[in-house]
Amino acid sequence: MSEPLLSVSHLRKSFGALAVTDDVSFNVAPGELHAIIGPNGAGKTTLIHQLSGSLASDSGAISFAGDEVTRLSMVDRVRRGLARSFQITSILEAFTVLENAALAVQARSGSSFRFFRSAAREAPINDAAMAALARVKLDDRAHRRAGSLSHGEKRQLEIAIALATGARLLLLDEPLAGTGREESAVLVSLMRELKETHTLVLIEHDMDAVFALADRVSVLVYGQLIATGVPEVVRNHRDVRAAYLGEETAA
Amino acid sequence: MSAGESKIALGGKTARTTPDLARDRRRGIVDGRGAALAAVLLLLALSLLPPIALLIGDPFLVVTATRIMIFAIAALSLDLVLGYGAMVSFGHAAFLGLGAYSVAILLANGTSDILIQTLVAILASALFALVTGAISLRTKGVYFIMITLAFGQMAYFFMVSLSAYGGDDGMTLAARSTLLGLPVLNSDLTLFYLTLGVLALAFVGLRAVIFSRFGRVLRGTRQNPVRMQAIGFQPFAYQLTAYVIAGALAGVAGVLLANQAEFVSPAYMSWQRSGELIVMVVLGGMGTLVGAIGGAIAFLLLEDWLAKFSEHWKLGLGVLLVCLVLFTRGGIAGGIERLFRRAPS
Amino acid sequence: MFNLFLLQALNGVQFGILLFLVAAGLTLIFGIMDMINLAHGVLYMVGAYFAAAFTALTGDFLLGLAIALPAALLFGLVLEFLIFRHLYERDHLDQVLATFGLILILNEGVKILWGAAPMSVPIPDILSGSIPLIGPLRYPFYRVVIIAAGLATAVGLWLLVNHTRVGMLLRAGAVNAPMVSALGVDIRRLFMLVFGFGAMLAGFAGAMVAPILSVEPGMGDGILILTFVVIVIGGVGSVRGAFVAAILVGLVDTLGRTFGPIVLRSLMDPSAASQTGQTLAPMLIYILMAAVLFFRPSGLFPAKGAAA
């Protein structure tokens, strides 16, 4: 197996006496789609905060593309190619769809301390932004106000923004959250296409989507990874069935 | 951070998102054309004011208008911070005062050229903004408001204690500034057109800034700072830069204010003055540059008008403020926006 | 020199105690409600006016004080009912505007009711005079009373915050208001309580200084900003922080004004020293605030810290 793109070892975060993530270790190979699943309150959101850099870890290490990034801020991690999307849609509602993506391109295209030239007229930035929008099939909505998009389209825009940062690895935090059947079908096919070009870490509740897309699956329960492997193995793992899938069927 | 959380706590109201949307709309897209046209018309109308004043035999109108335009420049600068940067800065009058005192102190020491005075004013206010802004911007929300207020008050007390330059009472200028050795500013008319020119430049310059790369980052940060970090922008540097630009511009307004009044006083930098500047920006509609100009005009005219009725005119202003906030959902700007939207466009 | 130091230190403590009384309620309002309230200083002014008016009415300061306190509480509750409860859910800018408006209203209001001229309140006979400190040194008894009353209030607050159910809710609320609300506590009633109580404390401070300061419109404005400095240094939401910071600010400000020029005189020539001292002394507390913020952006005793 090749050198992992993302390597997480013994990562830990507690709030008071409660260990929310506890000794979490896993690797993500380049080009892999690695899904992380787990019941509510398992620590998935905390884990993605730690990976993206919005929450400092108590101990453990994260390395990305061979470099240690454990102590780097979210901004520095994005600049190295590790971008995230948000579970709760976090777009700039007052801007157009194009501007949302263009800002992410602008962030990696030279200094933003330029004060006089109109940013909206910078063709190279707009072109790159349009390319990202096209990947998520939003190019026909480019000049709409982002706040006026449907929920599913906003979820697509979330992904487009992460793409537009130029990241190699995308941390997708429940991209299907709140979507209906048709919307999630669109998003699942989008992610399948993204797999061709990007490494993905996917946190998701929708089991059908996870088992349809993932190369490997890790299961997080009470802050600990109880299993990691290809979907078939994980699906049949005894502890997983007891801790997680059992709950699903009971629900 | 805690703001959003604790608001949700209030009886589990989820209505939070709706005002947010309304606010995005009111602060949000500064679609340029209409606003730019309104500003051009406003500036043109102002440029015609002196002949009209002459015609109707009220030369004092020119003096009043100059004063209003000076505060319009200060309000414009605050709008960059408050309207576009979403930083509720409550110490903006300090920069106005620093600019005014640059004139007074240099003049008392024999430098009367307005170019040098303006340069010093810009440097002094920019430096003050850089230092206090760097400390204030490490904090958020309630802290930021209190700290900017406290730093403004610090500048105020500094001037109060400068007994060599009038202390508490302020000081009258021996003469207005000169331009390249010529006393051209002694004419109220020249000062009027100079102020109008600075106002126009400030408007055009800030408009460019707002639509530039820098301005786009600033506007994005106002809407959602976490999102901006997630795509690789550290808000601090951009907010601080905006704070410094705004401070320097307010310093320029102070240079004009000292010349217009031929007097400087710590009262220019009092915290009430800072509060009034905020009211001007909000009255006109935050995040629209023409709104800041309009707000300054409206506020100062309202002040004059109320003062005609009673010496207790501030009571009326206070009641107006409280009522506007309480009875117009989404605050003053929201109310005014609805007012305009009802009108046929 | 030591005598002067002792006197000024006592004055500093007395000033700090007053700042604490105003800051205690305000820091809780900021911490628990995440609300900016500029109008807290005018409550201090209103307290002073109440004390002056009721003293004039009854002819007795202690009786006047006894009526002024519930009056200040009532006034706070009325303001909460009419204005503040409608502001909790607004953004900070709306709160700034409305409370700024309220300052204008109340400052003009007292001017209309009682005139613009300062009012003076005589120190009651039983509290006048001075007490011996060391040697020939004496200190005004009334100022000792202020310090004692302030310390007693501080102890009372400490007991309330640390040893009662309401206090537990207050502490929890300052750390995490949603949690308190999730516990089924009527958070609106808690807010109202905090607000009314905070108004009474500020009013108490105003009433206590009425005999030694002139009671005039705008007297709350200066104290408001000093209170902000205290809260910022102490940490929003922390009563303990407010106490430590208030005493610190009171001492630094009072001692700085007296001893700043004296210390500088050993470093530079006398006239320059007194000029520099006069300029620097009023800025000292702001420099202190900047320094604290630089090293501890959320104050000396941050109430939020753990829960981010």
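Chain B has 16 helices and two strands. Helices (H or I, at least four residues) and strands (E, at least two) are DSSP runs, numbered from the N terminus. This is a predicted model: local features need pLDDT of at least 70, side-chain atom pairs count only at pLDDT 80 or more, and totals for chains, interfaces and linings use all residues. Residues are numbered from 1 along each chain as its sequence is written, while chains are lettered from A and ligands numbered from 1 in the order in which they are written.

Chain C holds twelve helices and two strands. From the N terminus on, its elements run α-α-α-α-β-β-α-α-α-α-α-α-α-α. Its radius of gyration is 20 Å, close to the 19 Å that the globule rule gives for 308 residues, so chain C is as compact as a globular protein of that length. The radius is taken over C-alpha atoms; the rule is 2.2 Å times the number of residues to the power 0.38. Along its principal axes, the C-alpha trace of chain C spans about 60 × 50 × 35 Å.

Burial is tabulated below. A residue is buried if 20 or more other C-beta atoms, placed from the backbone, lie within 10 Å of its own.

| Chain | Residues | Buried |
|---|---|---|
| Chain B | 345 residues | 56% |
| Chain C | 308 residues | 52% |

Contacts come next. Two residues are in contact if their C-beta atoms, placed from the backbone, lie within 7 Å. In chain B, 77% of the contacts with a separation of 6 or more join residues 24 or more positions apart.

Now a helix pair. The axes of α6(B) (residues 93-108) and α8(B) (residues 141-161) come within 9 Å and cross at roughly 30°. Axes are lines fitted to C-alpha atoms over the stretch in contact, with angles from 0 to 180 degrees between N-to-C directions. That makes α6(B) roughly parallel to α8(B), a term for angles under 35 degrees. B:Gly97 and B:Tyr101 are among the α6(B) residues that meet α8(B), whose side includes B:Phe151 and B:Gly152.

Terms used
A residue is buried if 20 or more other C-beta atoms lie within 10 Å of its own, exposed if 12 or fewer, and partly exposed in between; C-beta atoms are placed from the backbone. Angles under 35 degrees count as roughly parallel, over 145 as roughly antiparallel, 65 to 115 as roughly perpendicular and the rest as oblique.
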